[in-house]
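Please read them alongside the structure.

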Amino acid sequence: MSKIATISVEGLEVECIVGILDRERVEKQFVYVDVDMDYDIEAAAAADDFKAAIDYVAVSNCLRELLIESEYQLLETFVVEGVERLLRKYPAQRARIKVMKPEAIPEATWTALQYEQRRES
């Protein structure tokens, strides 16, 4: 019997180049990333074995590197590429990324974009 659980990282702070405005192409800004991944924890729980679990530090580093290296213009590109990378790299059935950009609209706390995908059977 499967034991499906959700691993989450919330508020991962990444300083990067992102956006379409001239200043955004040269000045780094902070974005915040939430990620959820559903996976079967049965093997990890039964053996109490870290190697059978999804490492949330590795997931965080994966997304941080992608954001920093890619210098995206659109958050849409990041969330799609990020989710696809997570599903290729980890044994998750579902991955969801939400990215928040606080400097996009001065009168708003942040703007956000969220994307989710399930592993194809």
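**Notes on the predicted model**

1. Arg96 touches Asp34, Val35, Asp36, Val83, Gln114, Tyr115 and Glu116, leaving out residues up to four places away in sequence; contact here means heavy atoms within 4.5 Å. Arg96 sits in strand S3. Strands (E, at least two residues) and helices (H or I, at least four) are DSSP runs, numbered from the N terminus.

2. This is a predicted model, in which local features need pLDDT of at least 70 and side-chain atom pairs count only at pLDDT 80 or more, while totals for chains, interfaces and linings use all residues. Residues are numbered from 1 along each chain as its sequence is written, and side-chain values use heavy atoms, with hydrogens and water left out.

3. Arg96 has a relative accessible area of 12% and therefore counts as buried (buried is under 20%, exposed over 50%, partly exposed in between, with a 1.4 Å probe and protein chains only). The side chain of Arg96 makes a polar contact of 2.4 Å with the side chain of Asp36 and another, of 3.0 Å, with the side chain of Gln114. A polar contact is a pair of N or O atoms within 3.5 Å; within protein, one must be able to donate a hydrogen and the other to accept it, and residues adjacent in sequence count only if both atoms are side-chain atoms.

4. Which residues touch the most other members of the largest nonpolar core? They are Met37, Phe78, Leu86 and Ile97, out of 29 residues in that core. Strands S1 (4–16), S2 (29–40) and S3 (94–101) and helices H2 (56–70) and H3 (75–89) each give two or more residues to this core, and H3 gives the most, with six. Such a core is a set of buried Ala, Val, Leu, Ile, Met, Phe, Trp, Tyr and Cys residues joined through side-chain atoms within 4.5 Å.

5. Ile97, apart from its neighbours within four places in sequence, is in contact with residues including Val33, Leu63, Phe78, Leu86 and Leu113.

6. The side chain of Asp40 makes a polar contact with the side chain of Ser2 (3.4 Å), and a polar atom of the Asp40 side chain lies 3.1 Å from the backbone nitrogen of Lys3. The C-alpha atoms of Asp40 and Ala5 are separated by 6.3 Å, although these residues are 35 apart along the chain.

7. Leu74 lies in the loop between H2 and H3. Leu74 is partly exposed because its relative accessibility is 42%.
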